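Dear colleague,

Please find the structure below, together with its sequence.

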Amino acid sequence: MGVNFQVVVDCADPHRLAAFWSAALGWDIEHHDDFIKQLLASGQLPEDKAIEVDGRLVFKTAAAIRDPEASMSGRNQPLRGRMLFQTVPETKSTKNRVHLDLYFETEDRDAEIERLTGLGARRLWEGKQGPVHTWVTMADPEGNEFCVS
């Protein structure tokens, strides 16, 4: 039996990063407007904990994206492929200890790097291991490193 997990990214603006990574990976932004409305109406969620983004009510300090092909568990959680972005008070100060490596099905890595740059990523440096394996290290809009191979 496999273990289901999500990658959690600390950030300043979870909705901006969710939009970036959703476009970068081709994943869906999770929408919880009906649930948030229920929580607000029942008094279980203070009004200052929800905001409107792109015409939808969202949790102010968190956003998530998921693989659109992921099956859902009985607890309404994706069984694979989920990223959660959560607000933290401190800024990023050093190199990530964990990062994503992106492997696109296209043969044109440069086109993917250009697309990611257009979404707000920055190209940082190129790496090489052995005679064949190369990658480009990039940073998302908040400076979190990831690699494109």
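Is Ser-22 buried or exposed? Ser-22 counts as buried because its relative accessibility is 11%, where buried means under 20% relative accessible area, exposed over 50% and partly exposed in between, with a 1.4 Å probe and protein chains only.

Please note that this is a predicted model, in which local features need pLDDT of at least 70, side-chain atom pairs count only at pLDDT 80 or more, and totals for chains, interfaces and linings use all residues. Residues are numbered from 1 along each chain as its sequence is written, and side-chain values use heavy atoms, with hydrogens and water left out.

Helix α1

Ser-22 belongs to helix α1; helices (H or I, at least four residues) and strands (E, at least two) are DSSP runs, numbered from the N terminus. Ser-22 touches Trp-27, Asp-28, Ile-29 and Ile-65, leaving aside residues up to four places away in sequence; contact means heavy atoms within 4.5 Å. The other buried residues of α1 include Pro-14, His-15, Leu-17 and Ala-18. The expected span of a helix is 1.5 Å times one less than its number of residues. For the twelve residues of α1 this gives 16 Å, which agrees with the 16 Å between its end C-alpha atoms. After α1 comes Gly-26, whose phi is positive, near 75 degrees.

The nonpolar core

A nonpolar core is a set of buried Ala, Val, Leu, Ile, Met, Phe, Trp, Tyr and Cys residues joined through side-chain atoms within 4.5 Å. The largest such core has 19 residues, and Trp-21, Phe-85, Leu-116, Met-138 and Phe-146 have the most contacts inside it. Helix α1 gives the largest share of this core, five residues. Among the contacts of Phe-85 are Val-9, Leu-17, Trp-21 and Ile-65, again not counting residues up to four places away in sequence.

Aromatic pairs

How many aromatic pairs does a search of the whole structure find? There are four. Rings of Phe, Tyr and Trp (its six-membered ring) pair if their centres lie within 6.5 Å; planes under 30 degrees apart count as stacked, over 60 as edge-to-face and the rest as tilted. Phe-20 and Trp-21 form an edge-to-face pair, with 5.2 Å centre to centre and 85 degrees between the planes. Both of these residues are buried, and together with Phe-146 they form one aromatic cluster. Phe-35 and Phe-59 also pair edge-to-face, at 6.4 Å centre to centre and 65 degrees between the planes. This pair links distant parts of the chain, since Phe-35 lies in helix α2 and Phe-59 in strand β4 (residues 56-59), 24 residues apart. Phe-35 is partly exposed, with a relative accessible area of 45%, and Phe-59 is partly exposed at 24%.

The sheet

Four strands form an open sheet of mixed pairing, in the order β1-β6-β5-β2; two strands pair if DSSP finds at least two bridges between them. At the edges are β1 and β2, each of which pairs on one side only. Strands β5 and β6 run antiparallel and are joined by five bridges. Ile-65 has Met-83 in β6 as its bridge partner.

A buried glutamate

Glu-30 is found in the loop between β2 (28-29) and α2 (33-41). Glu-30 is buried, with a relative accessible area of 13%.

Yours sincerely
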